[in-house]
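Student: Please show me the model, and let us then work through its architecture and packing by question and answer.

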Amino acid sequence: MKTDFVDAQQRHWQDAELLFNQQRWANADHLYGFSAECGLKELIKKTGIKWNAGSDQPENKNEKHRFFKHINGLWAEYNSFIDGKLATQYVIPSENPFSNWDASDRYANENEFTQERVQQHQKAAKSIQKLVKDYQLSQEKP
């Protein structure tokens, strides 16, 4: 299947919100992380690297290694992908709100997840969603 980071970002966000509202913290947390990850990958794809449409991945081998990370690792790499005017428009804070998130958390006991932890990830995922929307709007202007 063809990669669609924007659709994946929105889908993970919507499902995370449904789960959050049902106080299903563990799975909501997991999906907020994936939502944010997809958003950053979309921005990197559009603004920071050469993308090979045929292979549906970055052209540069070194960039592939840095690109194919989950949000907890990708957050630290993101700002190094963008440059020029985009570096000021689409920069994210260096402090990583997903430093305590890991894809392997899907194996953790759900009692390990708190509303406060999940809200931190929700807020960060929402900020990435806004960056993606801002980028999309900037591309629609004449």
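Tutor: Buried means under 20% relative accessible area, exposed over 50%, and partly exposed in between (1.4 Å probe, protein chains only). This is a predicted model, in which local features need pLDDT of at least 70, side-chain atom pairs count only at pLDDT 80 or more, and totals for chains, interfaces and linings use all residues. Residues are numbered from 1 along each chain as its sequence is written, and side-chain values use heavy atoms, with hydrogens and water left out.

Student: What percentage of the residues of the protein count as buried?
Tutor: The cut-off for burial is under 20% relative accessible area. The protein has 142 residues, and the part that counts as buried is 44%.

Student: In which order do the elements of the protein run from the N terminus on?
Tutor: Helices (H or I, at least four residues) and strands (E, at least two) are DSSP runs, numbered from the N terminus. The protein has six helices and two strands. From the N terminus, their order is α-α-β-β-α-α-α-α.

Student: Which element of the protein has the lowest mean pLDDT?
Tutor: pLDDT is the predictor's confidence in each residue, from 0 to 100. The protein has a mean of 92, and 98% of its residues reach 70 or more. Helix H1 (residues 5-21) has the highest mean among the elements, 98, whereas the lowest, 74, belongs to helix H5 (residues 85-89).

Student: Against which helices do the buried residues of H4 pack?
Tutor: Helix H4 spans residues 71-81, and its buried residues are Ile-71, Leu-74, Trp-75, Glu-77, Tyr-78 and Phe-81. Contact means heavy atoms within 4.5 Å. The buried residues of H4 pack against helix H2 (25-47), helix H3 (61-67) and helix H6 (115-140).

Student: Which residues does His-30 touch, not counting those up to four places away in sequence?
Tutor: His-30 lies in helix H2. His-30 counts as buried because its relative accessibility is 15%. Beyond four places in sequence, His-30 touches Trp-101, Ala-103 and Arg-106.

Student: Is Tyr-107 buried or exposed?
Tutor: Tyr-107 is found in the loop between H5 and H6. The C-alpha atoms of Tyr-107 and Ala-26 are separated by 9.7 Å, although the two residues are 81 residues apart along the chain. With a relative accessible area of 63%, Tyr-107 is exposed.
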